[in-house]
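User: I would like to go through a few residues of this model with you. Could we begin as soon as it is on screen?

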Amino acid sequence: MKLSSKAIATTVTFAAFLAGLAGCASKDKPIQLSELQTPQWHLIELDGKALEQKGKKTPSLNVDEKLTATGLAGCNDYVGEVEIDVDDHEFRLTHVNSTMKLCLKNEMALNNTIISALSEWNRIDIDKNKLTLKGEKHTLVFQAQNQ
């Protein structure tokens with residue numbers, strides 16, 4: 001098949017255009033700290049399963065302007081410091097402390113899973129009113145709630 005120089009130039013230009021689009025699509029926009037700090041986040045899903053907390057307080061995450069995180073991990077309240085890379089979408093809590101309430105076995109298992117997951121590096125994504133933290137072991141999905 002013969003191609004004219006005009007057809008070759010058009011093909012090359014179109015390929016460059018597509019490569020440019022692919023480059024743009026793979027680059028996520030940086031996380032805006034105001035998106036993270038504005039609402040109170042309530043856990044609605046853990047590892048792909050909806051969280052059922054009938055009659056119980058819902059695990060939560062709150063981040064203030066000083067990047068201090070507080071919340072409920074299922075049974076115990078916690079506080080920690082947020083480390084975040086807004087460009088690379090990485091998030092974790094450090095220096096986490098929590099209360100030590102007497103908890104039922106299943107509540108304690110949930111509590112420990114949440115604290116462990118928040119303490120490890122996670123991929124953070126905020127889409128409208130959902131916050132997703134995806135780590136190597138666990139995925140936490142939070143829903144924004146008005147305070």
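User: Is His89 buried or exposed?
Analyst: His89 is buried, because its relative accessibility is 4%; buried means under 20% relative accessible area, exposed over 50%, and partly exposed in between, with a 1.4 Å probe and protein chains only. This is a predicted model, in which local features need pLDDT of at least 70, side-chain atom pairs count only at pLDDT 80 or more, and totals for chains, interfaces and linings use all residues. Residues are numbered from 1 along each chain as its sequence is written, and side-chain values use heavy atoms, with hydrogens and water left out.

User: Where does His89 lie?
Analyst: His89 sits in the loop between strand 5 (77-85) and strand 6 (90-98). Strands are DSSP runs of E with at least two residues, numbered from the N terminus.

User: What about the phi of His89?
Analyst: The phi of His89 is positive, about 60 degrees, although the residue is not a glycine. Most residues other than glycine have a negative phi.

User: And Lys128, buried or exposed?
Analyst: Lys128 is exposed, because its relative accessibility is 78%. Lys128 belongs to the loop between strand 7 (122-127) and strand 8 (130-134), and has a positive phi of about 55 degrees without being a glycine.

User: Changing topic, which side chain has a polar contact with His42?
Analyst: The side chain of Gln40 does, at 3.3 Å. A polar contact is a pair of N or O atoms within 3.5 Å; within protein, one must be able to donate a hydrogen and the other to accept it, and residues adjacent in sequence count only if both atoms are side-chain atoms.

User: Where is His42?
Analyst: His42 is part of strand 1 (residues 40-46), and is buried at 18% relative accessible area.

Terms used:
Helices (H or I, at least four residues) and strands (E, at least two) are DSSP runs, numbered from the N terminus.
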